[in-house]
Structure formats: structure tokens, C-alpha cells
Amino acid sequence: MSSDYSPPATPHGGADSGAVLDGNAAAGDFAGILASDPTTVMVRCGSCGATQAFGQLSAYLGGPGTVLRCRRCEAMVARVARTPRGTWLDLSGSSSWLFLPTPGPA
């Protein structure tokens, strides 16, 4: 019997990197790029169309970059890597990112 939440055998960019964490573990890597708190973002998977909170995505840390995968289909949704040439952000595995409005001053 298989589980919808089982990790892929060889995740892209995160192979052999250790345990799978939830997306909250990757929030720091993405926060500096997005200039916003990524844990409040809703992300739609470009492969299966599932919409999930950033924190619900599967996070693979410790490889050459940080990789986020869809909990439903395990497709790569986003990845970020810092290299001597700069920071690479790949959102090609997602179809949209919804940044919810922040409450204004009362």
C-alpha cells in the first residue's frame, strides 16, 4: 500500500539530503527573495493543480538548494539555490502563488 505523502526516491536537487520537512522549514530561504513571509502564501502545483499553503509543501533541505514538492503528487513546485554567481529561484513547477492581503492599520 502506498501513501500520498511518501517522498520520491530521488527528489530533484534534494537527493540524499535527509529527512523531508514541511514547507515552514524552507521559509527562511524564500523569505529573503520574496520580501514577504512565504508561510502566508497559497501555492498551486503546476502538475496536479492542488492548492496548498506554503507550509504544507514537502521541503528538502541540505542539497545544492532547497526544494519544495507537492504533497499530493510529489512534483517539484519550487526551488532556491545560492551560488557564487547569485541566487537562483525556480518556480516552474507551480502555476500560481497567491499572496493574501495583510491586515491594514486599525
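Predicted model: local features only at pLDDT ≥ 70, side-chain atom pairs only at ≥ 80, totals over all residues.
**A salt bridge, a sheet and a nonpolar core**

Arg79 and Asp90 form a salt bridge, with their closest N and O atoms 2.9 Å apart. The pair ties together distant parts of the chain: Arg79 belongs to strand 6 and Asp90 to strand 7 (residues 86-90), and the two sit eleven residues apart. As for its setting, Arg79 counts as partly exposed because its relative accessibility is 30%.

Asp90 shows up again around Val77. Leaving aside residues up to four places away in sequence, Val77 touches Asp90 along with Leu91, Ser92, Gly93 and Ser94. Val43, Cys45, Leu57, Leu68, Arg69 and Cys70 are also among the residues that Val77 touches.

Val77 has a place in the largest nonpolar core too, which has 17 residues. Within this core, Phe30, Phe54, Leu68, Val77 and Trp97 touch the most other members. Helix 1 (27-34), strand 2 (41-45) and strand 6 (76-83) are the elements that give two or more residues to the core. In general, nonpolar side chains of soluble globular proteins tend to be buried together.

Three bridges join strand 2 to strand 3 in their antiparallel pairing, and Met42 has Ala53 of strand 3 as its bridge partner.

Notes
Residues numbered from 1 in each chain as written. Heavy atoms only, no water. Core = buried A, V, L, I, M, F, W, Y, C linked by side-chain atoms within 4.5 Å. Buried < 20%, exposed > 50% of the residue type's maximum accessible area, 1.4 Å probe, protein only. Helix = DSSP H or I, 4+ residues; strand = E, 2+ residues; numbered from the N terminus. Contact = heavy atoms within 4.5 Å. Salt bridge = Lys/Arg side-chain N within 4 Å of Asp/Glu carboxyl O. Pairing = 2+ DSSP bridges.
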